Amino acid sequence: MKKVLKVLGLFALLAIMAMATLFIYNWRDRHPDYAIDLKRVNPDQMPIQAGFAKKAITPTIVDTWNDANGDNKYNEGDGDTYNDNNDNGEFDAFWIAGMSNAKPAQGVHDDVWSRVMVLDDGKSRIAMISMDAIGFLHGDVIDVRNRIPEELGIDYTLISATHTHESNDLVGIWGKNMFTSGVNPDLMEYVKAQTVAAVIEAAKNLRPAKLVFAEDRSGKDAPLMKDTRKPIVKATGIHLMQVLDAENHTTLGTLINWSNHPETLWSQNLLISSDFPHFVREAVENGIYSGTTKMEDGLGGIAIYFSGALGGLMAPHPTISIPDPYTGIEYSEPSFEKAKALGDQIALMSLKALKKHGDTLSTSNISVRAKTVFPELDNTKFIIASGIGLIKLGVPEYFKTRTEIAAIRIGPALFLSIPGEIYPEIIFGGVEAPEGREFDIGPVEVPPIETLIKDRYTFYLGLSNDGIGYIIPKSEWDTGKPYLYNDERDTYGEENSLGPETGPFIYRALVYVIEDLE
């Protein structure tokens with residue numbers, strides 16, 4: 001008996017050692033000594049050049065599957081089977097990210113993209129990229145940066161995810177099950193290669209340019225989103241930058257920045273899509289159509305959509321209806337019709353704002369302040385997920401992760417790079433210290449970020465250069481009873497955050513880059 005116990009103990013010890021080795025290996029720093037501390041300031045108005053490009057990053061769906069019980073989730077225990085269309089004996093699935101595990105794509109509704117603007121003021125050259133993905137982790141951002149040819153002369157590259165919940169997993173936690181990564185390595189390589197190719201093409205397309213800035217602040221009051229967590233604070237509308245060819249006045253591209261989760265299609269969709277940003281971009285580029293009738297002319301060029309302050313949670317929730325701007329038909333149930341109605345609404349407000357309120361600049365300048373920071377990793381789920389290799393988070397310091405904060409000034413506009421889904425009250429004000437909170441403190445992230453910015457226009461680029469999850473005010477943090485505001489139910493957000501110190505940490509980092517750029 002003692003011998004059996006010794007053998008079992010040895011096996012247990014070996015298992016623990018193997019697991020510890022696995023965790024240490026997966027926690028390794030994949031980019032040791034990488035850090036950026038960049039400050040480039042140009043106070044002079046100068047002629048500016050701009051180039052745009054886009055490359056599809058859409059997966060090719062080969063294998064489809066048969067849903068035995070109609071629950072839109074792949075589970076062999078339910079009798080679900082796959083169609084091995086390439087006869088390789090495996091289910092080559094691309095797992096849709098954002099709502100739950102076990103959602104293999106059945107096809108493609110619309111392409112997903114890496115869309116790029118390269119801007120040059122004669123002293124600095126930057127690349128700004130929007131990628132149709134649930135998120136793109138900082139290590140992958142570094143990989144892309146390292147592949148951009150040095151001869152392009154790009155001083156700073158920003159990659160922001162649109163956060164679509166209808167495309168394939170590029171993070172890892174939405175695979176076949178909670179223990180299997182949803183990232184396809186070959187597709188990840190394709191995404192990175194296509195993104196670099198788009199940067200190269202945009203740089204080759206550089207042309208003398210003029211910039212047009214505009215806003216529509218009414219967007220925060222339009223019934224186009226729902227704030228699903230108290231306090232009710234929404235972002236301040238749509239922020240726009242149109243880039244014109246300085247010689248022939250045609251549109252090279254348009255940047256659209258708005259704050260709402262691209263999850264109109266909700267949890268049952270099985271087609272790859274960029275959700276409502278697809279319809280925003282199509283309408284801004286090619287015009288808005290009601291049926292086959294063009295109702296509004298587009299601008300041409302390449303439209304680039306950036307998501308803003310999404311935390312809290314800003315969503316086109318199934319409980320709200322989105323009206324078609326021309327027919328008045330309201331769509332509440334998740335559908336592509338609802339996604340188009342929402343996209344058309346945003347595009348219509350954007351086009352009207354640029355026509356009525358646009359400020360056109362023949363010269364401009366670029367200044368950048370970017371800094372690597374190391375927030376605390378205090379989320380058991382994230383620690384385990386990175387330890388078993390679901391997500392390549394990396395732990396460069398003891399239970400800290402590497403991410404990045406940046407502020408980019410282009411003429412009269414500040415573009416603030418935020419590495420996750422920040423709660424709007426940190427940006428716009430309204431942080432509360434409600435009953436039921438976990439920490440007996442008052443609001444920490446004050447004054448609001450917006451009040452510290454002196455620029456005429458501001459763009460808040462969420463999920464930029466990383467996807468660290470929700471950035472929650474510490475005085476609103478809550479993981480157990482009593483629940484916030486003494487509600488009967490718990491809140492959503494904390495389980496997908498680095499931890500309670502994330503809000504104060506990111507707030508201080510944002511304040512630093514803003515003030516240091518002044």
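**View 1. Strand 11 (residues 238-245) and strand 12 pair up antiparallel, with 6 bridges between them.** Here, strands are DSSP runs of E with at least two residues, helices are runs of H or I with at least four, and both are numbered from the N terminus. Two strands count as paired if DSSP finds at least two bridges between them. A quick note on the model: it is predicted, so local features need pLDDT of at least 70 and side-chain atom pairs count only at pLDDT 80 or more, while totals for chains, interfaces and linings use all residues. Residues are numbered from 1 along each chain as its sequence is written, and side-chain values use heavy atoms, with hydrogens and water left out.

**View 2. Strand 12 also pairs with strand 16 (residues 302-307), this time parallel.** The two are joined by 6 bridges. Look for Ile-256, whose bridge partner in strand 16 is Tyr-305. Strand 12 is mostly covered, with 8 of its 8 residues buried (under 20% relative accessible area with a 1.4 Å probe, protein chains only; exposed is over 50%, partly exposed in between).

**View 3. Zooming in on Thr-254, a residue of strand 12 (residues 251-258).** Is Thr-254 buried or exposed? Thr-254 is buried, because its relative accessible area is 1%. Leaving aside neighbours within four places in sequence, its contacts (heavy atoms within 4.5 Å) include Phe-52, Met-241, Gln-242, Val-284 and Leu-354.

**View 4. The largest pocket holds about 1,200 Å³ of space.** Of its 48 lining residues, Lys-381, Tyr-470, Tyr-492, Glu-495 and Asn-496 are the closest to the centre. A pocket is an open set of points on a 1 Å grid over the protein atoms alone, where a 1.4 Å probe fits, with protein on both sides within 12 Å along at least five of seven lines; lining residues have an atom within 4 Å of a point. Volume is the space filled by probe spheres set on the points, which are joined across faces, edges and corners. Helix 6 (residues 380-387) gives the largest share of the lining, 4 residues.

**View 5. The second largest pocket has a volume of about 500 Å³.** Arg-30, Gly-139, Asp-140, Asp-143 and Lys-392 are the closest to its centre among 28 lining residues. Helix 2 (138-147) and helix 3 (185-204) each give two or more residues to this lining, and helix 2 gives the most, with 5.
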